[in-house]
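Here's a quick tour of a two-chain structure, taken piece by piece. Have a look at it first, then read on.

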Amino acid sequence: MTNLDSTVGRDHADLNVLVDDAGGRISRRIYADPEIHALEQERIFRRAWGFLAHESEVPNPGDYIERALAGEPVIIIRGNDGKVRALLNSCRHRGMRVVRADRGNASFLRCPYHGWSYSREGQLVRAFAEELYEPRYLEKETLGLIPVTRVESYRGMIFGSWSPDVPDLETFLGNMKFYLDMLVGRTDAGTEVIGSPHIWDVHANWKFCVDNFTGDNFHLYTAHGSVVQLGMLPPDPMSLAYGTLVQAEDGHVLHMVPGPPIPEAEYLGLPKALVPQLQRNLSPPQLELLKNHTFTVGSVYPNLSYLHVMVQGALNTPPTPFLSFRLWQPTGPTSTRIWSWLFVDKEASKEFRRATYEAYVRTFGPSGIFEQDDMENWEECTRVNSGVIAQRHTLHHGMGLHIPPDPNFPGPGTAWPGSYGERTQLCFYAEWKRWMTLEKPWVRAEA
Amino acid sequence: MSSAPTPIPVGSDRYSRVVEWLYREAAMLDASDYSGWLELLAEDLVYEMPIRQSVYQKDGDGFRDDFGFFADDYGSMKTRVLRLKTDQAWAEQPGSRTRHYVSNVLIGQNAKDEYEVSCAFFVMRTRAIFPMIFSPASAATCCGQTVKDFASPDVRC
């Protein structure tokens, strides 16, 4: 396997040295370095599958939304053929941003500069003053909006990649599909998005966000100490330690944590009316895992995370589960745009939809009583780790590395007993290093 | 059929009382007197901040009625205040220095004898190295509070 040129930066540090995943030491430079940011865009975000949208966000032909892939604007639009496409939001004439709204419905996408118009499928249908072109100077069939190289969906979730070489989406997800099915493949009609995503910008490197969502349960009792003090989490700081850390596949990782031993906390706390559907749609090991757990958080490499937790939105209210997907898009070496979607099973009751919305927005929405404290840590870590002196010293990831895998865990991948540990973070950083240094990081050695 | 609220003239005695109330509310927030602020709130309050998207004008103003940044009631607002009183609410430890500016106040009196108040406000927040500016608009109905109550010395809204 060919290595990419792996020297980077002012001192030609080797990317393999910046991340010592075996030793649990990570260089602070990877969180605050313009060259590393540029390399990430090239080697990770222009190659890997990136989440774009949920199909329910564009239900009808002509419905469109604007998203980004590797920092470039992309139109997600449903064509007259019912197919959802992803197209670079840039006119083929002068490159103008064609669609300038966050959402809408259009018969044609008309560039506001000179009026070049594209079909819902992205074909150029009309240029301005076409009669003034000799036909060979306006070959319209070659001048459609530039499609995202690869667009594929998994259970309603649309992903795109700018790489012709990356394996198909399902191969890329691998064993992570088993765990995603427990979130978005568990009911007959699947999931949909409530509203549209929360979007906010933070002065933080995206990897601190992923790091937090790869299995960091043990920050809860410090970072979210206020909520513990209010009695909304059990007082025992080890109470979330009795779960499992899972490497589903490569950099796709998660944790699953049991809640209190009460029926309400089974099946992630989902409404009991949905349980017969879970039994129809999931395999026995998936059902067993859902039944025995209340919280699960994980990440699909490189920058899509999810959070399925049962939580009180306010004191003296019943804990309610919600499912939020997060996209952490780097907008610079020390800045990130956060996208947060609230998913719900389409067949959930009206009452549950309201309750899950309130639970989500009051806790993990951008104003949430948990979320706002997370931002403090990610922004301050990024700022301090930018320092020259700081960067002479590595960051520490060493918890639980001696613990052997649990051979009896019912799910695929590698599972480590105990949900306080830094195994899964290191899985993410190891995969980051592979994508940053290898020409074909998706090719694995034969097991 | 509800009729349009009757405007309360700018500069009138009733107008001044409402504006003074808003100024006192802003002063309490700027002094981090969240417990005192909570005392002002009615227990049937609904506090929402819808998200707003950029849309072409034919598609309206872009506010979503199904999704917001806040979806609070009295209980969740009280939870927020109690959280700020713990010593581990890191988003406000150390605390922000804020200044609220309230302007463009318009007041109407509706058929239920309530004031409907809209205003613009501007918040400067300084903390750590990232200054922030908020400038939303606000529309509030003094839910369940009669005009008489509102204008009394111990106003509650």
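## A buried helix

Helices and strands here are DSSP runs numbered from the N terminus (H or I over at least four residues for helices, E over at least two for strands). Before going further, a word on provenance: this is a predicted model, where local features need pLDDT of at least 70 and side-chain atom pairs count only at pLDDT 80 or more, while totals for chains, interfaces and linings use all residues. Residues are numbered from 1 along each chain as its sequence is written, with chains lettered from A and ligands numbered from 1 in the order in which they are written.

Helix α5 of chain A (residues 206-213) is mostly covered, with 8 of its 8 residues buried. Buried means that 20 or more other C-beta atoms, placed from the backbone, lie within 10 Å of the residue's own.

## Two helices crossing

Now for α4 (residues 176-184) and α9 (residues 284-292) of chain A: their axes come within 10 Å and cross at roughly 60°. The axes are lines fitted to C-alpha atoms over the stretch in contact, with angles from 0 to 180 degrees between N-to-C directions. That makes α4(A) and α9(A) oblique, the label for angles that are not under 35 degrees (roughly parallel), over 145 (roughly antiparallel) or 65 to 115 (roughly perpendicular).

From α4(A), the contact uses A:Phe178, A:Asp181 and A:Met182, and from α9(A) A:Gln286, A:Leu289 and A:Leu290. Contact means C-beta atoms, placed from the backbone, within 7 Å. By class, that is 4 nonpolar, 1 polar and 1 charged residues; nonpolar covers Ala, Val, Leu, Ile, Met, Phe, Trp, Tyr, Cys and Pro, charged covers Asp, Glu, Lys and Arg, and the others, Gly among them, are polar.

## Domains and chains

Chain A is assigned domain 1 (51-154) and domain 2 (174-437), with bounds from an automatic or database assignment. Their C-alpha centres are 34 Å apart. Domain 1 puts 8 residues into the contact and domain 2 puts in 9.

Between chains, 26 residues of chain B touch 31 of chain A. On the chain B side, β3(B) gives the most, with 8 residues.

How values were computed:
Contact = placed C-beta atoms within 7 Å. Buried ≥ 20, exposed ≤ 12 C-beta atoms within 10 Å, placed from the backbone.
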